[in-house]
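Work through the exercises below with the model open, and try each task before reading its solution.

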Amino acid sequence: EALFSELKQQTGIYSENDRIFKLRIQKNNLRATLRRVFFNEPDLVEYKNIRAEYDPEEKKATFTIGETEIKRSRRYFLVFKCLVDNAGKHVSGKMLDKFVMDQGEALNEIDTGLRSYVAKLRREINLSQFLEPPSKSEGKGWKLKTP
């Protein structure tokens with residue numbers, strides 16, 4: 001029972017409804033990933049009026065805001081994706097680093113510089129309009145408003 005309780009805590013699954021909902025989300029994410037891998041489809045993230053698409057052949061991300069298109073590197077895309085995937089939640093610098101490294105990017109663990117990517121996204125795609133200031137209990141980081 002202790003092992004089961006620990007597993008529930010690690011997964012964040014507290015009820016059968018949570019379990020089914022979270023498994024459905026994981027299944028959909030896995031399907032989308034496999035579709036991109038097998039059919040070489042671009043990775044896509046949408047948030048409010050911002051659309052970001054990473055094309056693996058071009059090795060570039062295209063951010064589209066209205067009629068404006070901005071081309072950036074994969075790291076910009078991954079930083080944006082991490083913030084969108086965690087919309088409504090506090091994202092710390094360590095969480096951002098871990099997410100980008102989990103996606104296969106090699107980073108210097110001492111100082112990744114990913115924080116500057118957030119600052120540039122704030123200016124270039126006007127992301128600051130969607131960021132909430134973190135509370136004192138959360139510490140440094142970012143929090144996108146829930147869409």
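**Exercise 1: H4 against H5**

Identify the residues through which H4 meets H5, and then describe the geometry and composition of the contact.

Solution. Gly93, Lys94, Leu96, Asp97 and Val100 in H4 meet Leu114, Arg115 and Val118 in H5, where contact means heavy atoms within 4.5 Å. The model is a predicted one, in which local features need pLDDT of at least 70 and side-chain atom pairs count only at pLDDT 80 or more, while totals for chains, interfaces and linings use all residues. Residues are numbered from 1 along each chain as its sequence is written, and side-chain values use heavy atoms, with hydrogens and water left out.

Next, take the axes, which are lines fitted to C-alpha atoms over the stretch in contact, with angles from 0 to 180 degrees between N-to-C directions. Those of H4 (residues 93–102) and H5 (residues 114–124) come within 9 Å and cross at roughly 100°. H4 is therefore roughly perpendicular to H5, the term for angles of 65 to 115 degrees. By class, the residues of this contact divide into 4 nonpolar, 1 polar and 3 charged, with Gly counted as polar.

**Exercise 2: H3 against H5**

At what angle do H3 and H5 pack, and how far apart are their axes?

Solution. H3 (residues 74–85) packs with H5 at about 85°, the axes being 10 Å apart, so H3 is roughly perpendicular to H5. The contact is made by residues including Tyr76 and Phe80 of H3 and Tyr117 and Leu121 of H5; its classes are 8 nonpolar, no polar and 3 charged residues.

Methods:
Helices (H or I, at least four residues) and strands (E, at least two) are DSSP runs, numbered from the N terminus. Angles under 35 degrees count as roughly parallel, over 145 as roughly antiparallel, 65 to 115 as roughly perpendicular and the rest as oblique.
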